Structures are given as structure tokens and as C-alpha cells.
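This report describes aromatic contacts and selected local features of a predicted model. The sequence and structure are shown below.

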Amino acid sequence: MSTSKTLETNRVSKREFVQRFARRGGISVQAAQTAYTAMIDELLDLVGRGNTVTLTNFGKFYPQTHKGHRVQFAKDDGDAEVNDYTVLKFSATREVNRRVKVND
């Protein structure tokens, strides 16, 4: 089985993640959903304003800007420009990377 196929079969949905998070934390699913939404919204707001968010013993989230460029295979006339854009990046700590063990 290919790696992408393996990862697809091991995908965890948001619903399942929130349920597992609630069970592990000993809180209601509703409380876990509220916490999940608040955390994601706050993280995106902070990074969207250019901040780096560092979660001790986990990693950091930060914005990374990419320069615009020409693309050759546009839908309309075959040539187009992509404007500058920013993406969310994540860098895990060494400890987190050591804990991640995916069995082949």
C-alpha cells in the first residue's frame, strides 16, 4: 500500500478529533468543540496579523510570505500572474518530532 493511501485510511475527522479530545480531557464534547473553535480562531487571527505563536513543548505557527509569479497554464489565455501570498507554517519542536512514530 502506498504512503498516500495509508495516510488516507488513517485520516481523523474534526468530529472524531473533538470527541477524542473531550474524552481525554474529561470534558463534554460541547466544551471541547468550543475550545477547539476558540483556539483555531485565535491562532489564525494572531498569525494573520503577522505574529508567531509559540506553544511551549509543541512548536510554533508563523506566517510565511511568498512572492508572486507568472504561471504558464492559466484557464483563460494560457498566461497569468499569481500575486504575493502568505501561508501558515508550523515548525514542531524536537520533542514533538521524536514522539511522532508512524508505523510503515
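## Aromatic pairs

The structure holds five aromatic pairs. In one of them, the ring centres of phenylalanine 58 and phenylalanine 90 are 5.3 Å apart, and the pair counts as tilted because the planes meet at 40°. This pair links distant parts of the chain: phenylalanine 58 belongs to the loop between β1 and β2, whereas phenylalanine 90 belongs to strand β5 (residues 85–92), 32 residues apart. Phenylalanine 58 has a relative accessible area of 37% and is therefore partly exposed; for phenylalanine 90 the value is 37%, and this residue is also partly exposed.

Phenylalanine 90 also pairs with phenylalanine 61, with ring centres 4.7 Å apart and planes at 40°, so this pair is tilted. Because phenylalanine 61 lies in strand β2 and phenylalanine 90 in strand β5, the pair ties together parts that are 29 residues apart in sequence. Phenylalanine 61 counts as buried because its relative accessibility is 13%, under the 20% limit.

## A ring cluster

Elsewhere, Phe17, Phe21 and Tyr36 are linked into a cluster by ring pairs.

## A lysine over a ring

Lysine 60 is placed over the face of tyrosine 62, at 5.4 Å from the ring centre.

## The loop between β1 and β2

Asparagine 57 is located in the loop between β1 (53–55) and β2 (59–66). Its phi is near 65°, a positive value in a residue other than glycine. With 61% relative accessibility, asparagine 57 counts as exposed, because the limit for that class is over 50%.

Methods: Residues are numbered from 1 along each chain as its sequence is written. This is a predicted model: local features need pLDDT of at least 70, side-chain atom pairs count only at pLDDT 80 or more; totals for chains, interfaces and linings use all residues. Side-chain values use heavy atoms; hydrogens and water are left out. Helices (H or I, at least four residues) and strands (E, at least two) are DSSP runs, numbered from the N terminus. Buried means under 20% relative accessible area, exposed over 50%, partly exposed in between (1.4 Å probe, protein chains only). Rings of Phe, Tyr and Trp (its six-membered ring) pair if their centres lie within 6.5 Å; planes under 30 degrees apart count as stacked, over 60 as edge-to-face and the rest as tilted. A charge sits over a ring if NZ of Lys or CZ of Arg is within 6 Å of the ring centre and within 35 degrees of the ring normal.
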